[in-house]
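I opened my notebook to look at charge pairs, surface patches and backbone angles. My notes follow.

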Amino acid sequence: MDTYQIEIIEPKAKRLLDELVNLNLIKFRRVEPTQQFQELVQKIRAKDNDPPSLEEIAAEVQIVRAERYAKEK
């Protein structure tokens, strides 16, 4: 099953989509933007129970900066 996000510009298109719903060819599920954000946060939190410390983040930033500075020379 594929999921798409569409923006309906012409009201006639909504009627066509409603007809497809009535034929059980598609389903509508309205998702509010805040709900999408909350779902994303929950997915991220579920994947990583041990986030990096500030020291680890700073060390990684220093590595990337050093590599970028070396490329500029």
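I began with the rule: a salt bridge is a side-chain nitrogen of Lys or Arg within 4 Å of a carboxyl oxygen of Asp or Glu. The model is predicted, so I kept its limits in mind: local features need pLDDT of at least 70, side-chain atom pairs count only at pLDDT 80 or more, and totals for chains, interfaces and linings use all residues. Residues are numbered from 1 along each chain as its sequence is written, and side-chain values use heavy atoms, with hydrogens and water left out.

**Salt bridge.** I counted one by this rule. D18 pairs with K14, and their closest N and O atoms are 2.8 Å apart. Both residues sit in helix α1, four residues apart, about one turn of the helix. I took helices as DSSP runs (H or I, at least four residues), numbered from the N terminus.

I then checked exposure (buried under 20% relative accessible area, exposed over 50%, partly exposed in between; 1.4 Å probe, protein chains only). D18 is partly exposed at 27%. K14 is partly exposed too, at 34%.

**Nonpolar patch.** Which residues make the nonpolar surface patch? I found Y4, I6, I8 and F28, covering about 450 Å². Patch residues have over 30% relative accessible area and no salt bridge; nonpolar side chains (Val, Leu, Ile, Met, Phe, Trp, Tyr) are joined within 5 Å, like charges within 9 Å. I6 lies in the segment before α1 (11-22). I6 is exposed, at 52%.

**Backbone angle.** N24 has a phi near 60°, a positive value in a residue other than glycine. I placed N24 in the loop between α1 and α2 (33-47). N24 is exposed, at 70%.

Definitions and conventions:
Accessible areas come from the Shrake-Rupley method with a 1.4 Å probe; for residues, only the protein chains shown count as cover. Helices (H or I, at least four residues) and strands (E, at least two) are DSSP runs, numbered from the N terminus.
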